[in-house]
Amino acid sequence: MSDFSKILVVIPSLDPDKRLIEVIKNVQEKGFSDILLVDDGSAPENQHFFDEGAALGCHVLHHEGNKGKGRALKTAFEWFMAERKDALGVVTIDGDNQHHADDIAACTEVMLQQKKDSLVLGVRDFDQPNVPPKSKFGNKCTSGVFRLFCGLKVSDTQTGLRVFPRGIIPQMLQISGERFEYETNMLLVCKQADIPLVEQTIRTIYIDENATTHFHPIKDSLRIYGIIIRFFISSLLSFILDYGIFNLLYTLFRTGFMAAHRLFFATTIARVLSSVFNFTVNRKAVFHSDAPLTITICRYYILWGVQLLASFGLVKLLSGVFGEGGAIVAVLKLIVDMFLYFISFRIQQAWVFKPEKK
């Protein structure tokens with residue numbers, strides 16, 4: 001077994017119960033001696049659990065009010081960088097005893113064995129019979145959505161058991177998100193920054209059907225899907241602008257010089273005007289890109305040009321089969337552009353607005 005004395009165990013906690021003490025004792029028995037508890041604004045009647053943790057040798061940090069799991073993890077990472085200059089990394093776990101000490105040790109071993117700094121994820125098997133239906137559906141749905149939209153091949157996007165080598169922690173501190181969305185944003189940033197995501201299968205433990213979770217299905221789901229929702233809204237507004245201008249011009253160009261090529265001119269002009277809006281919103285509000293403006297513009301309009309030709313070519317091809325009437329072309333363009341929408345998201349995230357390597 002490896003020496004875990006230079007690994008900091010971080011346990012963010014909100015209104016814990018006696019299971020927190022069990023977790024502390026279990027990880028200490030596995031050889032983890034450096035443990036940090038982050039009290040995320042727990043009620044006064046629950047403070048004695050943190051006092052008990054301190055009596056067991058844990059360090060304790062307190063938030064004056066509830067700031068969210070993401071903020072609690074960042075508080076721990078800041079403390080780690082300031083107070084543990086020679087430590088090798090951090091393992092984050094939950095305080096409700098759903099992470100077995102053997103699995104915590106196994107995941108840490110995997111991190112220590114990596115040749116390149118990697119984020120190790122303790123992933124659960126949601127096909128086990130003890131998994132509550134809502135948890136099984138929610139986690140599989142989230143993994144599927146992020147695989148489809150972002151190319152993120154992670155089987156458990158919400159696992160709280162994660163092991164961070166020291167080298168990637170400064171980058172983790174730069175990631176947006178204060179609550180549960182922070183853990184998902186972390187995975188997306190790792191993918192963009194070419195930080196390997198290594199999965200280690202762990203026990204799938206649910207106690208009382210996860211009744212003590214602080215996850216709010218609606219609010220926290222909206223935060224987790226934030227980047228996809230923002231891209232959808234940006235694309236929807238751009239599409240409305242593009243689609244409206246296209247149909248207006250396609251109608252206006254029925255006669256005159258442009259009549260023979262009205263599909264091309266209507267597509268091009270509409271796409272140019274909507275692209276300026278789309279680029280600005282995506283760069284600032286969706287992907288929060290820090291890449292130089294000139295680079296992102298060049299990449300964006302290369303993609304834009306290819307997408308324009310693809311849209312024009314596919315609509316032209318299909319209209320030759322189904323007819324060139326205004327209503328038919330409008331429907332064909334809708335179908336084609338919805339197909340291109342999914343491809344565009346992946347390319348924009350992975351290439352156009354990919355953050356610069358530090």
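Residues are numbered from 1 along each chain as its sequence is written, and side-chain values use heavy atoms, with hydrogens and water left out. In this predicted model, local features need pLDDT of at least 70 and side-chain atom pairs count only at pLDDT 80 or more, whereas totals for chains, interfaces and linings use all residues.

The protein chain has twelve helices and seven strands. These elements are DSSP runs numbered from the N terminus: helices are H or I with at least four residues, strands are E with at least two. Along the principal axes, the C-alpha atoms fill a box of roughly 85 × 40 × 35 Å. Of the 358 residues, 49% count as buried. Buried means under 20% relative accessible area, exposed over 50%, and partly exposed in between (1.4 Å probe, protein chains only).

Salt bridges were assigned where a side-chain nitrogen of Lys or Arg lies within 4 Å of a carboxyl oxygen of Asp or Glu. The count comes to 15. One of them joins E183 and K69, with the closest N and O atoms 3.0 Å apart. This pair links distant parts of the chain. E183 belongs to helix α7 (residues 181-192) and K69 to helix α3, 114 residues apart. E183 is buried, at 2% relative accessible area. K69 also counts as buried, at 15%.

The partner of K74 is E178, and the closest N and O atoms are 3.1 Å apart. K74 counts as buried, with 6% relative accessibility. E178 counts as partly exposed, with 32%.

A salt bridge also forms between the side chains of D242 and K333, at 3.5 Å from N to O. D242 lies in helix α9 and K333 in helix α12 (residues 326-352), so this contact ties together parts 91 residues apart in sequence. Both residues are buried. Salt bridges with shared partners join K30, D102, D103 and R203 into one network.

Aromatic contacts were assigned to rings of Phe, Tyr and Trp (its six-membered ring) with centres within 6.5 Å; planes under 30 degrees apart count as stacked, over 60 as edge-to-face and the rest as tilted. The whole structure holds eleven aromatic pairs. The ring centres of F77 and F164 are 5.0 Å apart and the planes stand at 65°, so the pair is edge-to-face. F77 sits in helix α3 (residues 69-83) and F164 in strand β6 (residues 162-165), 87 residues apart. F77 is buried at 0% relative accessibility. F164 is buried, also with a value of 0%.

F264 and F312 form an edge-to-face pair, 5.6 Å centre to centre with 85° between the planes. This pair links helix α10, which holds F264, to helix α11, which holds F312, across 48 residues. F264 is partly exposed at 35%, and F312 is partly exposed at 23%. One aromatic cluster comprises F279, Y300, Y301, W304 and F353.

Helix α10 (residues 262-286) has a kink of about 30°, centred on S275. The bend at a residue is the angle between axes fitted to the seven residues ending there and the seven starting there. Just after α10, H288 takes a positive phi of about 50°. In helix α11 (residues 293-322) lies A310. A310 is partly exposed, at 25% relative accessibility. A310 and D337 are 27 residues apart in sequence, and their C-alpha atoms are 9.2 Å apart in space.

A nonpolar surface patch consists of I229, F232, I233, L236, L237, I240, L241 and F277, with about 660 Å² of accessible area together. Patches take residues with over 30% relative accessible area and no salt bridge; like charges are joined within 9 Å, and nonpolar side chains (Val, Leu, Ile, Met, Phe, Trp, Tyr) within 5 Å. Accessible areas come from the Shrake-Rupley method with a 1.4 Å probe; for residues, only the protein chains shown count as cover. Helix α9 (residues 226-252) contributes the largest share of the patch, seven residues. F232 is in helix α9 and is partly exposed, with a relative accessible area of 44%.

With a disulfide defined as a pair of cysteine sulfur atoms within 2.5 Å, the count is zero. C58 is in no disulfide, and the nearest cysteine sulfur, that of C107, is 20 Å away. C58 is buried, at 7% relative accessible area. C298 is partly exposed, at 49%.
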